[in-house]
Amino acid sequence: MVLEGPFMPRPPFEILEHTADVGIVAHGDSLAELFANAAIGMFAIMAELEGVRQTEERRIEVEGRDHEGLMVRWLTELLYYLDAEELLFSRFVVEEVSETRLRARAFGERIDAERHRLHFGVKAVTRHMLEVAQEEDDYRAQVLFDI
Amino acid sequence: MAVKWRETLEKIDDQRWLLPKEYKPGMRVPGLVFASEKMLGVIGQDQALEQVANVAFLPGIVNYSMAMPDIHWGYGFPIGGVAAMRVEDGVISPGGVGFDINCGTRVMRTSLREDEVRPHLKELVNQIFRDIPAGIGGSGLVKVSMKEIDEVMVQGVGWALEQGYAWPEDVDAVEGGGALKGANTDKVSKRAKQRGAPQLGTLGSGNHFLEIQVIDEVYDSEKAETMGIDGPGQVMVFIHCGSRGLGHQTCQDYLEVMEEAASKYKIQLPDKQLACAPIGSKEGQDYLGAMTAAANFAFCNRQLIAHWTRQAFQRVLGRDAREELGMHLVYDVAHNIAKIEQHRVNGKEMTVCVHRKGATRAFPPGHPDVPRRYQQTGQPVLVPGDMARYSYICAGTEQAMSETWGSSCHGAGRVQSRHAAKRMLKGVDVARRLAQRGIYVRAQNRGLLAEEASEAYKDVAEVVDVLDEAGIAGKVARMRPIGVIKG
């Protein structure tokens, strides 16, 4: 559910619909918050994050040609840990982000199919309708995933 | 911008529609859409037909940018798109293959009748659900090292045979013998291999599935018999999955390579996602080698899944999978792939790179690449529907060879987004609804089932009928599911 109205805080992300797949529109007051919220959005598509403990930490550094390229690299790097190490992340601290470089820490734990409420996997981060934009103090990113 | 597609498309006959070259400046060839008039309404609702026009921009494209009746909106290429590019001056595009390289289907027969399986159905489905991880996480029963991953990517089903996960006769019932030539494992990134290694022998999630099905109608009994189909009531197994994280990462890696290549080779594109490189260029050859390697991984993945399915049947029914249950492979075909093939164009031999993005190969009787056992019938074409209705087996035709680069449709195609389906089925227990129809379903998350319900998909019967009537793929048999495993 999307919360709206003057007394509701802006949600970190909203779900975007597409015939075959699913996407998100993420928001942030800063570029760092935007990248963190986009990651939260991607993992929220895959699982209910409330039940995900933060016992594991991975340091992530990626480079990209521009903000869009950086977004694809960042989210794809997180999918790498999901596939290779079965890690489900639920919190992200973006320590540094520029036009072409991002350094962050991701916190989560190994998937436990008994305990976690899992949805469906994200295969890939697409460039379809991909957008990273700034409107005054609002940073906004639109990302579609291949499901 | 809403395009009035019915006015833009020119009707050729009841199954064929021409998208004229003049529709969009830059199109090198017209578009050719296979659909009934009724289906056009749904197809025209999203950007799929615009994508058919965009693919026609690609250098070296021959004849048409084609769309099968199950076409829907994809990333750059439409899903359900077929396009062939001349090897001399054409391009290869990762978007024309997709993230799930060699996503495909495999069908096994059995000698079992429905009434023999019914009493054991739950146990059987549960056993398969335990042995073949589905959904997010969960690694396969077989552990492979990074060195073995390279062997898998070269040998495909041959690797499974060496390890005891295949029967010798399985090998030639797989497209390309389950090991396409030209795999170059050096061109697959370490990241891709690391993502794929734990996932060999897993289904994944989304629309991937494993179904126990029953033949409910036979349209061509001679061809059916050759394919090991005895008649209504026979139990079959239908598998749909691909190359897992290995393929997803390989596509992602090369989308970046191709974005640079497209500007380096000054290729004008209407959509960045069509990024591509000349087939003969270093970038093109690297991708072709890596994509082929990922495709072989997928063939092996489906082989291992078939193996554990045979084991499960054997264990639950207490009978030998080969000698007593006759669980032979009917066929295994890719539906996300690009291949270098020989075709005849205006009476002349031509080497082309055929992109099949959500489309299967459908080679005719007598083609040298069709296994000997199917020389009279044509290559089996496997068309999955949705989990409550039915799936089809068809056979490739000469018409497909001359008109669609020997290609056919790959499934039903979605009509509802996942959230729309969920909203529509709010409060409906889809698993229970299926149970009432005699279908037992297991999924990692039952809540997810609404998103994969029949309502979210086109009726695959309409898709198959268009191609049958157009002479592209002849109907052989129809199956309905009784046991479903979903990611």
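Predicted model: local features only at pLDDT ≥ 70, side-chain atom pairs only at ≥ 80, totals over all residues.

Biologist: OK, switching to the fold. How many helices and strands are in chain B?

Modeller: Chain B has 15 helices and 19 strands. Its radius of gyration is 21 Å, close to the 23 Å that the globule rule gives for 487 residues, so chain B is as compact as a globular protein of that length. Along the principal axes, the C-alpha atoms fill a box of roughly 60 × 50 × 45 Å.

Biologist: What percentage of chain B is buried?

Modeller: Buried residues account for 61% of the 487. As for contacts in chain B between residues at least 6 apart in sequence, 77% of them join residues at least 24 apart.

Biologist: Now the seven-strand sheet. What's the strand order?

Modeller: The order is E1-E2-E3-E4-E5-E13-E12 in chain B, an open sheet with mixed pairing. Strand E1 (10-11) and strand E12 (336-345) of chain B are the edge strands, each pairing on one side only.

Biologist: In which sense do E5 and E13 of chain B pair?

Modeller: Antiparallel, over six bridges, between E5 (residues 79-86) and E13 (residues 348-357) of chain B. To pick one spot, B:Gly81 has B:Lys357 in E13(B) as its bridge partner.

Biologist: Which strands does helix H15 of chain B lie across?

Modeller: Helix H15 (residues 460-470) of chain B lies across strands E2 (16-19), E3 (31-34) and E4 (65-72) of chain B, and runs at about 140 degrees to E4(B).

Biologist: Last topic, helix packing. How are H6(B) and H11(B) oriented to each other?

Modeller: Helix H6 (residues 146-155) and helix H11 (residues 282-317) of chain B have axes that come within 6 Å and cross at roughly 90 degrees. H6(B) and H11(B) are therefore roughly perpendicular.

Biologist: Which residues make the contact?

Modeller: H6(B) uses B:Val152, B:Met153 and B:Val154, while H11(B) uses B:Ala293, B:Asn296, B:Phe297 and B:Cys300. By class, that contact has six nonpolar, one polar and no charged residues.

How values were computed: Residues numbered from 1 in each chain as written. Chains lettered and ligands numbered in written order. Helix = DSSP H or I, 4+ residues; strand = E, 2+ residues; numbered from the N terminus. Rg over C-alpha atoms; globule rule 2.2 N^0.38 Å. Buried ≥ 20, exposed ≤ 12 C-beta atoms within 10 Å, placed from the backbone. Contact = placed C-beta atoms within 7 Å. Pairing = 2+ DSSP bridges. Axes fitted to C-alpha atoms, helices over the stretch in contact; angles between N-to-C directions. Parallel < 35°, antiparallel > 145°, perpendicular 65-115°, else oblique. Nonpolar A, V, L, I, M, F, W, Y, C, P; charged D, E, K, R; others polar.
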